[in-house]
Amino acid sequence: MKAIIIGCGIAGPAMALALKKIDIQSVIYEAKPDTDDEKGAFLGISPNGLNVLKQYVALDEVLTEYTPGKIRFFNSRNKAIGVIDNADQISRYGSQTVQIKRSLLNSSLRKAAQRADIRVEFGKYLVSVVQNEENGIVTAHFADGSTAEGDLLIGCDGIHSVVRQKLFPDAPKPEYTGLLSTAGTSNLANFSLPTDAIHMTFGERGFFAYAVSNHGEVWWFNNIAQTTEPSRQALNRSEKADLTERLLALHRNDPEPIAATIRAAHSIEIYPIYDIPFLPEWHQGRICLIGDAAHATAPHIGQGASLALEDTLVLAQCIRDFADLSTAFTHFQSLRQARVQAIIQQARKVGDSKTVPNRFQQFFRDLLLPLFVRLEARKMEWVYGYQVDWHRKLV
Ligand SMILES: Cc1cc2nc3c(=O)[nH]c(=O)nc-3n(C[C@H](O)[C@H](O)[C@H](O)COP(=O)(O)OP(=O)(O)OC[C@H]3O[C@@H](n4cnc5c(N)ncnc54)[C@H](O)[C@@H]3O)c2cc1C
């Protein structure tokens with residue numbers, strides 16, 4: 001069998017490597033004109049994701065630049081209100097949460113796929129897919145007029161998936177969650193900053209997190225509550241100077257080094273945060289969706305990439321063990337859907353705690369935060385403890 005994979009983000013190359021394990025050769029088609037290994041913010045990857053990742057690529061290759069995964073929480077008056085410690089994760093789960101640059105994760109997976117003779121074609125923006133029921137061939141049509149044929153197609157094209165829109169035009173669209181995220185990197189010479197944990201502050205009017213990388217750079221992000229969804233074009237037009245002013249105003253009463261970090265930013269990215277709480281169908285015929293295309297989650301508990309990685313191994317296992325693709329895809333969805341939906345809900349809840357419309361609510365939020373942080377930390381155990389037993393036969 002030959003697989004067409006749409007998207008060379010995180011799920012795409014990992015999926016191709018998983019299919020290689022069961023002797024299915026793939027070609028990956030990516031919309032971007034070329035690699036963009038230097039771009040992008042950073043993301044958390046937790047034991048459940050790392051345990052899959054290390055089946056595809058040596059972790060040493062990926063973890064060259066990282067920040068710790070332990071988290072310390074503070075309220076807007078800089079009072080410590082909780083900690084999520086990850087010291088015991090190696091003994092409990094086999095891997096330890098870290099933050100890494102998205103581009104590094106992405107390029108390590110892509111290079112591992114290319115080393116395994118998996119072809120990646122850039123500049124291939126998928127516009128439609130056609131399934132021929134008689135001969136079982138799937139044809140992908142690209143914006144440049146070219147086509148590709150395969151026996152199956154996996155949509156790894158992210159939250160705004162064209163594969164999903166073509167397969168299920170009436171499916172629920174990604175929902176704007178009421179929060180924007182900014183992210184940047186800075187160098188701060190005049191502060192002695194903690195290097196053992198991410199420092200997260202529920203600020204007076206916005207959430208701010210920073211951590212120091214093993215190269216001494218400060219990686220940070222913030223969340224801004226905004227009820228109306230901004231257009232992508234408006235955000236793309238945002239000038240760094242305007243973003244800096246907006247962030248400084250939002251965090252003006254919050255403790256340092258927040259303002260200093262914002263002022264020292266090399267660049268600032270801004271994104272609206274979406275999720276897809278429920279997608280009824282993930283597959284049709286010989287086409288299946290995985291990763292953000294099927295179940296995008298808000299980033300507040302750092303699970304999007306890890307869930308995409310989990311998907312790849314489970315889907316390859318289903319294709320290996322079930323007699324036909326349709327049965328394999330059906331089992332894949334039933335094995336994954338309850339878990340990802342619960343995580344999407346959990347992430348939404350954490351995101352909602354970052355929204356503080358007035359001082360009254362802020363007072364009660366700060367009062368309850370220590371308890372909330374403790375409960376949320378405990379809730380991550382089932383998320384991190386997930387293992388895909390590749391050698392177990394599903395039938
Ligand atoms: C601000 C922010 C912070 C985040 N923080 C975290 C975090 O801390 N931890 C975490 O685990 N996750 C985090 N995530 C989520 C994480 O980035 C995603 O869950 C993850 O990238 C999903 O992988 P994917 O391969 O499904 O999609 P993507 O990584 O988005 O890859 C999709 C690929 O498909 C390509 N593509 C799109 N359309 C087409 C088309 N029509 N034709 C061809 N190619 C196409 C895109 O160019 C892209 O390369 C965050 C996301 C955001 C926005």
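The model is predicted, so local features need pLDDT of at least 70 and side-chain atom pairs count only at pLDDT 80 or more, while totals for chains, interfaces and linings use all residues. Residues are numbered from 1 along each chain as its sequence is written, and side-chain values use heavy atoms, leaving out hydrogens and water.

Let's start with the whole chain. Its C-alpha atoms fill a box of roughly 65 × 45 × 40 Å along the principal axes. A compact globule of 395 residues would have a radius of gyration near 21 Å, and the chain agrees because it has 21 Å; this radius is taken over C-alpha atoms, and the globule rule is 2.2 Å times the number of residues to the power 0.38.

Now look inside. Of the 395 residues, 57% are buried, meaning under 20% relative accessible area with a 1.4 Å probe, protein chains only. Nonpolar side chains tend to be buried together in soluble globular proteins. The largest nonpolar core here has 115 residues, and Met15, Leu53, Tyr56 and Leu105 are among those with the most contacts inside it. Such a core is a set of buried Ala, Val, Leu, Ile, Met, Phe, Trp, Tyr and Cys residues joined through side-chain atoms within 4.5 Å. Helix H11, residues 304-321, gives the most to this core, with ten residues; helices are DSSP runs (H or I, at least four residues) numbered from the N terminus.

Leu109 touches Ile10, Leu53, Tyr56 and Leu309, among others, not counting residues up to four places away in sequence; contact means heavy atoms within 4.5 Å. A second, separate core of 17 residues includes Phe42, Phe73, Phe202 and Phe221.

Technical notes
Buried < 20%, exposed > 50% of the residue type's maximum accessible area, 1.4 Å probe, protein only. Helix = DSSP H or I, 4+ residues; strand = E, 2+ residues; numbered from the N terminus.
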